[in-house]
Amino acid sequence: MNSTTAFTRSEAPIPPTPSSPARGLGKHVAVFTGEVVDRALHDALRTHYAVYPDVAVVLVLDRIGVHDLIATAPYGVCGVLRTGELTERPGLLTTVKTTVAQGGYRLPARLGASVRGAVAGPPHTQRPIGQPGVLLRPFELDLVSLAAQGRTSKGSAQQLDKSPEYIKTARRRLYQRLGVTTITACVGYAAREGLLWNGEAS
């Protein structure tokens, strides 16, 4: 039904040029596999999309979080599976590839609920996150990385050997630089810009 190309992060990031599918059979599908969305996989997706923007992508990963999805969504990702799901349901990958080839989308249940919750707010929360091209300073990146791991201001202060007040002030300054209002938006910005590679989110 569709042309599928599968490869892992260690292989060449650009698959052979897919042949045109027969009329009415849907779009081509590429399958990317890995443990987490790290820099290598992110770069492979971006390179692939630059060459084959019309090829839908299915990700098969051990772990993925909402911030990973935010970072990879612009590159044609239409389906996401966790490796454990394939063990439980052997035919799932074929089903998802068929769904994606026909223009559908698929996310794991818990991840799907998180994404739906993230976009269910008022329209103003759905605008692009942050100011494009703003680089995070090393300390700011530490703040955002710790927040992505679920650390509170107090927890981040302990980790970075600073006072909680210092961390709160640093976060407020970061919000102003990025044009956002929450630490969650800062995490989303860093993920979109390819700055988060911890793979901690499940």
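Predicted model: local features only at pLDDT ≥ 70, side-chain atom pairs only at ≥ 80, totals over all residues.
View 1. Residues are numbered from 1 along each chain as its sequence is written, and side-chain values use heavy atoms, leaving out hydrogens and water. Leaving aside residues up to four places away in sequence, A56 touches K27, H28, V29, A30, G76, C78 and V100 (contact means heavy atoms within 4.5 Å). A56 and A30 are 26 residues apart in sequence, yet 6.2 Å apart in space, C-alpha to C-alpha.

**View 2. Strand β3 and its two faces.** A56 belongs to β3; strands (E, at least two residues) and helices (H or I, at least four) are DSSP runs numbered from the N terminus. Here 6 of the 6 residues of β3 (residues 56–61) are buried, so the strand is largely enclosed by the rest of the structure. A56, V58 and V60 point one way, while V57, L59 and L61 point the other way. In a regular strand, side chains alternate between the two faces of the sheet.

**View 3. The neighbours of β3.** Strand β2 (residues 29–34) pairs with β3 in the parallel sense over 6 bridges; pairing requires at least two DSSP bridges between two strands. V58 is the bridge partner of V31. Strand β4 (residues 77–82) also runs parallel to β3, joined by 5 bridges, and V80 is the bridge partner of L59.

Definitions and conventions. Buried < 20%, exposed > 50% of the residue type's maximum accessible area, 1.4 Å probe, protein only.
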